[in-house]
Structure formats: C-alpha cells, structure tokens
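I opened my notebook for a friendly look at a metal site and some charged pairs.

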Amino acid sequence: MTRGRWSAAVLAVALLAGGCTDEDANARFRPGAADLGDPYVPGAGNGGYDVAHYALQVRYDPASDRLTGQATVTATATAGLSRFQFDLAGLTVDRVRVDGAPATHRRDGNELVVTPAHGLPAGKRFTVEVAYGGVPQPLPSGELGDGGFHATGDGAIALGQPESASTWYPVNDHPSDKATYDLEVTVPDGLAALSNGVPKGRSSKDGWTTWRWSEGSPMASYLTTLVIGNYRVSTGTHAGKPLVTAVAAGLPADGPAARALARTGEVADFLADRFGPYPFDAYGGIAVADERIRYALETQTRPVYGPGFFRGGRPNTEVVAHELAHQWFGDSVSLSRWSDIWLNEGFATYAEWLWNEHDGVRTVAQAFADRYAVTDWTKPTVDPGRAAMFGDAVYQRGALAVHALRRAVGDETFFRMLRGWLAERRNGTATTADFIGYAERVAGRSLRPLFDAWLVGASAPALP
Ligand SMILES: [Zn+2]
C-alpha cells in the first residue's frame, strides 16, 4: 500500500469543510508526493495513490531501438489528489487521459506529472491511460551494473534492482505498491518476447508477432521484466501450472545454462517442501547471453540469469535455488522499504545452503561455519546503507542469522515459522520488525537479543 503524505491534512480539511463552497472543494485536493521518502531510492515511488493493475501494450523494433507503449493504470486515490506523478525515465509522453478525459501532463526529470481535469477524492478508483514512446535507456546504478532497458543486438533486456521499470513504462516504482499486470508486447516475427506470469498466447499480423503475458498475483515493479530476442523457448507444465523457460540462442542448446534451467521444477518442489506451496501461477526462467547482465534477478515467476553463472561447463543449480527461493522471500512477501533487503537476500542465500546440502555439495553446518569464520561483524545486516545493499552483510550474514534462528528454536519450530510467515504475508509486504514479531509469537519467547546480535551487533555473537 502507498501512503500519501497528505492524508492527515486532507482528513482535517474535510472535517472542517462543512459548507462546501468551491474554495473548500478545491482545498480537498493536494498534489501527490513526488516520492515515497525511501532513502535507498530517492525519487522512486509516488504518494497519494495505490496501483491495482497495469495493462501494458508495448511495441519494440530492434532495428531502430524504438519502443511505443500504451499503459492503462488502474489505481485508487489514498488522498484527495489535485495531481499525481508516475516514475518514467527518458521517454516522450504523447497523451494522458484520466477516466477517459484528457489530462494535462509535463515531465520533471524522471517524473511524469499528471493533472486531471478534476480533483480525485480520497478513495476514488481511477484509470490513467498514457501513450508514450522513444528509445529507452538504462538507469545508471552502481552496485549491480545499470538497471533498466538495454538494447541488445537482436532485441532488448529490461531488468534491474532496485529500479528498472520506469525505463519502459510509467509506474509507481517502489516495492511497497504491488499490482497485477497484463502485458502485450509486439516484436518482429521470429523473435521471442518474454515476460512474467502465465502465457496468454500469441498472434501474428503484417510481419509482427504479439506475445501476451498475465501476472495475476501482486508484483513489485522491479520484479517485472521484458526480454526480446532470439531465444529457444520451451513451454510445458509443472505441477499443473505453465512452465516457460528460454535460453538465448547464443548459448549452447545443451550447455550448462540450459541444463540448470531444466531443473527449475525440481528445485521449486524442493523449496516448496520447506517453505510451503509455490506462491504463483507459473514457473520459468530466462538465460540471457548479454555480458552486461552480471547478475541473476528473481523477476516474478521467471528469473533472469546472466551468462556469468554458467561458465565452467557444469549446470549451476545454486543460483536457480537462490532465485526460486525469492519467489517466496521477496516476490510473494515483499519489502516495505529497501533497508530491509536482508529479508529477501538472507533467506535466498540460506536456501542455497539448503539446496547444496540436498544436492550433496556441502552441509548447511559447513556453510555456516565457513561463513561465520570470515564475517565482518562491524557491517550491519539491517539498514546496511544503499552502497552496501547487495553486500555480504545482507546476503551471508543474513543467512547466518537465519541459521542462528533455526538453531535457537529447533527444526520443527523453524520450518513451521517460515511456512506460517509466508502464508500470513503472502502477496503483501513486510519489515524486519514484522518478521521478528512473528517469530517471537511462534516461538513463544523473546528473540530480540538473538536478532540484535546476529543482525546488527558489532562483534561475533556466541554460537547458539
Ligand atoms: Zn537474491
């Protein structure tokens, strides 16, 4: 949910405005905030509304790198709004309509500012249509390489954390405002156009093919992806749900990437045995060949894997376990704010340890001991700072904390706790305090000293 900064003020004005003159009516509406005040992503997200659904129609021509789009965004005002904003980087907006009526719009850096013809009362559901286009560009970002839209030789890859979506559609770009999606993407015949969720078929006309995708579970915007190009696409089912994997044509057909992705269903089942039912309506994965993608990302239902994970001739299922674990930790239960990113990465790293033990690589106890020995305890796991949000303190120390919790409460309570947490928070968002509170309720005792020591204490904690 998105909290507008003006709700309290608007409520006060509304209570005072008994007479309902024009002036009072105008006073009920204020501009929505230009960001959500998350210090890890200044400018990202917007206040005053909560998006329920994005319907995106995108056409992309690799010959010119030009994208044209039509976005229909359905949202609810959480405050009386005289105007509101979307995040949109570097594209040209041709037309905006709000509830079918022309609205004025202007750009302010990477923001699209929309002023509807009439104010939107708090609680009103409204629809915004945005017609836009241009040559999309990545967003410069230090930690994992650029995020956002990358043109490739044969198509494009739109991907990135913590921000990427605003490079190809207008969006409330913060994980605290999750929404469902329908996507139609039109590309030249012969190219694949992959995205999140359930495949809804494709059709061709005049040399262009439209691929349709639908994600019916709420999805954080950084978990959306668009991958266009020459891919070997495999469409099947797993556990009664569609499973779509795609491997770049530039990678070998029976190479390590293809063989790792072929184990997607098996890894997902292993994780479901520990975390509870797989949370979404589709499975999959996409292996790209572009060397600029130096990471793998848990894009919802269909993680994207960079080529660096599949060198050395052997399938890498550890990275598959990590990205699939995020389908529970990060995608189904998402962050309210980026400073709690260990809730995603600590558990996904721990899932690697579980999978490696199952796969005969090494035991969880060994992984724990090895990591404990080399951990820099001066670096905190919670609120590590933007520059360290993908650092060892988040991933490895986070996983150490998860195992310390398991040792403290015992296996039965630990896995019951994880399953209960994931069920209770499914399709929502959460904070570290929410998780600790839940863990304490399940354990029936205070766990605060344990979490303090393992997550943020400045010296090595005693082994539990
Ligand atoms: Zn991760």
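My entries on the metal site and the salt bridges follow.

**Ground rules.** I am working with a predicted model, where local features need pLDDT of at least 70, side-chain atom pairs count only at pLDDT 80 or more, and totals for chains, interfaces and linings use all residues. Residues are numbered from 1 along each chain as its sequence is written, and side-chain values use heavy atoms, with hydrogens and water left out.

**Zinc.** I looked up the donors (N, O and S atoms within 2.8 Å of the metal, or 3.2 Å for Na, K and Ca; water is not among the atoms, so sites may look incomplete). I found His322 (NE2), His326 (NE2) and Glu345 (OE) coordinating the zinc ion at 2.0 to 2.1 Å. Their spacing along the chain reads H-x3-H-x18-E. Histidine 322 sits in helix 5 (residues 317-328) and glutamate 345 in helix 6 (residues 342-358), so this pair ties together parts 23 residues apart in sequence. Helices here are DSSP runs of H or I, at least four residues, numbered from the N terminus.

**Burial.** I took buried as under 20% relative accessible area, exposed as over 50%, and partly exposed as in between (1.4 Å probe, protein chains only). Histidine 322 is buried at 6%, and glutamate 345 is buried at 1%.

**Salt bridges.** I counted a side-chain nitrogen of Lys or Arg within 4 Å of a carboxyl oxygen of Asp or Glu. The structure has 15 of these salt bridges. Aspartate 411 meets arginine 406 at 2.9 Å, N to O; aspartate 411 is partly exposed at 43%, while arginine 406 is buried at 12%.

Methods: Helix = DSSP H or I, 4+ residues; strand = E, 2+ residues; numbered from the N terminus.
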